[in-house]
Amino acid sequence: MKFGVVVFPGSNCDHDAYHVVSKHVGQPVDFIWHKQTDLSGYDALIVPGGFSYGDYLRAGALARFSPVMTAIKDFAAAGKFVFGVCNGFQILCEAGLLPGALMRNSGLHFVCQHINIRVENEKTPYTSELDAGEVLSIPIAHAEGNYVCDDETLAELEDNNQIIFRYCDENGELSDEANPNGSRSNIAGICNAEGNVLGMMPHPERACEELLGSNDGRDIFRSLTKAIAEK
Amino acid sequence: MKAKVYVTLKPSVLDPQGKAIQHSVELLGFQQIADIRQGKYFEIALDADLSENVARQTAERIAKDVLANPVIEDYRVEIDR
């Protein structure tokens with residue numbers, strides 16, 4: 001089993017992801033510079049958070065044209081796992097690997113805090129070690145996390161159970177107050193129709209150690225590891 | 001030859017930045033402001049020997065594939081000879 005952490009100019013959560021995979025997941029992991037086009041030998045890629053290309057034009061818009069992205073599209077089409085966090089989620093949406101877009105937070109502020117998310121679908125490669133309705137405490141840190149899509153896309157996401165995480169309060173209730181960025185339908189994370197590509201705004205890689213305030217993120221990585229082992 | 005590309009948020013998409021700008025404008029004392037929406041403007045210099053048609057097609061492609069995100073934005077292209 002081998003993980004890759006994709007690094008664009010401006011990525012800044014790449015070392016966090018690398019640390020979690022090597023220390024807590026206990027699997028080999030490489031950094032993958034965005035100019036690399038050979039992804040053979042990897043089972044899962046993490047597209048980490050940060051400010052790829054300085055968020056110029058739109059968050060994630062320019063990273064989409066990096067050479068590695070063509071390889072990532074083939075990698076995803078082959079059913080391998082692609083896990084985008086924060087800016088990684090924005091990049092996957094811009095690249096068309098996930099539907100919708102992430103806009104400026106409705107409250108305009110950069111929001112950096114622990115929030116609660118509810119597991120909406122536990123039958124995915126990323127959530128099998130979690131229970132439906134389980135509430136996780138995971139930090140967010142973004143200015144553009146406001147998930148937007150049209151009615152048709154939202155209906156598709158709901159019908160196919162592609163909404164994986166929703167912002168909620170500590171009791172798992174959905175409300176506008178528990179929605180930190182104005183995301184449509186409180187969406188915090190979605191997967192593609194096949195379930196192998198996941199994007200989420202919260203940072204599970206920053207929630208794998210009690211010292212950091214939560215280790216709720218570990219179960220997501222444990223789920224993914226199990227999915228790779230069973231493949 | 002210059003292509004001007006205007007990228008605007010779709011009418012159905014909320015624009016929190018536009019709202020904040022509107023609020024500041026109103027604080028300045030300007031009244032009767034119904035709405036302000038923020039967009040982006042690009043100038044693309046193209047080879048002078050291109051036909052207007054080809055220039056327009058080129059700019060449209062660039063706008064559609066790069067400058068605008070069709071999920072949330074519309075675009076409009078003008079060609080200046």
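**Stop 1: helix α1 of chain A**

Select residues 14-25 of chain A, helix α1, which has 12 residues and reaches 15 Å from its first C-alpha to its last, close to the 16 Å expected at 1.5 Å a residue. That expected span is 1.5 Å times one less than the number of residues in the helix. Helices (H or I, at least four residues) and strands (E, at least two) are DSSP runs numbered from the N terminus.

This is a predicted model, in which local features need pLDDT of at least 70, side-chain atom pairs count only at pLDDT 80 or more, and totals for chains, interfaces and linings use all residues. Residues are numbered from 1 along each chain as its sequence is written, while chains are lettered from A and ligands numbered from 1 in the order in which they are written.

Within α1(A), colour A:Asp14, A:Asp16, A:Ala17, A:Tyr18, A:Val20 and A:Val21, the buried residues of the helix. Buried stands for 20 or more other C-beta atoms within 10 Å of a residue's own, exposed for 12 or fewer, and partly exposed for values in between, with C-beta atoms placed from the backbone. The cover over these residues includes β1 (3-7), β2 (29-33), β3 (44-47) and α5 (218-230) of chain A. Just after the helix, look at A:Gly26, which takes a positive phi of about 70 degrees.

**Stop 2: α1 against α5**

Two packed helices are described by the angle between their axes and the distance between the axes. How do the axes of α1(A) and α5(A) cross? They come within 11 Å and cross at roughly 75 degrees. Axes here are lines fitted to C-alpha atoms, for helices over the stretch in contact, and angles run from 0 to 180 degrees between N-to-C directions. The two helices are therefore roughly perpendicular to each other. The classes are roughly parallel under 35 degrees, roughly antiparallel over 145, roughly perpendicular from 65 to 115, and oblique for the rest.

To display the contact, select A:Val20, A:His24 and A:Val25 of α1(A) together with A:Arg218, A:Phe221 and A:Thr225 of α5(A). Two residues are in contact if their C-beta atoms, placed from the backbone, lie within 7 Å. By class, this contact has three nonpolar, two polar and one charged residues. Ala, Val, Leu, Ile, Met, Phe, Trp, Tyr, Cys and Pro count as nonpolar, Asp, Glu, Lys and Arg as charged, and the others, Gly among them, as polar.

**Stop 3: helix α3**

Move to residues 87-94 of chain A, helix α3, where eight of the eight residues are buried, so the helix is largely enclosed by the rest of the structure. Its buried residues pack against β3, β4 (81-85), β5 (101-103) and β11 (197-200) of chain A. A:Gly96 follows α3(A) and has a positive phi, near 80 degrees.

**Stop 4**

Select A:Ser52 in the loop between β3 and α2 of chain A. With 29 C-beta neighbours inside 10 Å, A:Ser52 counts as buried. Leaving out residues up to four places away in sequence, A:Ser52 touches residues including A:Phe8, A:Pro9, A:Asn87 and A:Ile91. A:Ile91 is 39 residues from A:Ser52 in sequence, yet the C-alpha atoms are 8.7 Å apart.

Next take A:Phe81, in strand β4 of chain A, which is buried with 22 other C-beta atoms within 10 Å. Its C-alpha is separated by 8.6 Å from that of A:Pro125, 44 residues apart along the chain.

**Stop 5: loop residues**

In the loop between β9 (163-168) and β10 (187-191) of chain A, select A:Ser185. This residue other than glycine has a positive phi, near 55 degrees. A:Ser185 counts as partly exposed, with 14 C-beta neighbours inside 10 Å.

A:Leu57 sits in the loop between β3 and α2 (67-77) of chain A and has a positive phi near 70 degrees.

**Stop 6: chain B**

Finally, show chain B, where eight residues are in contact with 12 residues of chain A. The chain B side divides into six nonpolar, two polar and no charged residues. The predictor gives the complex an ipTM of 0.88 and a pTM of 0.95.
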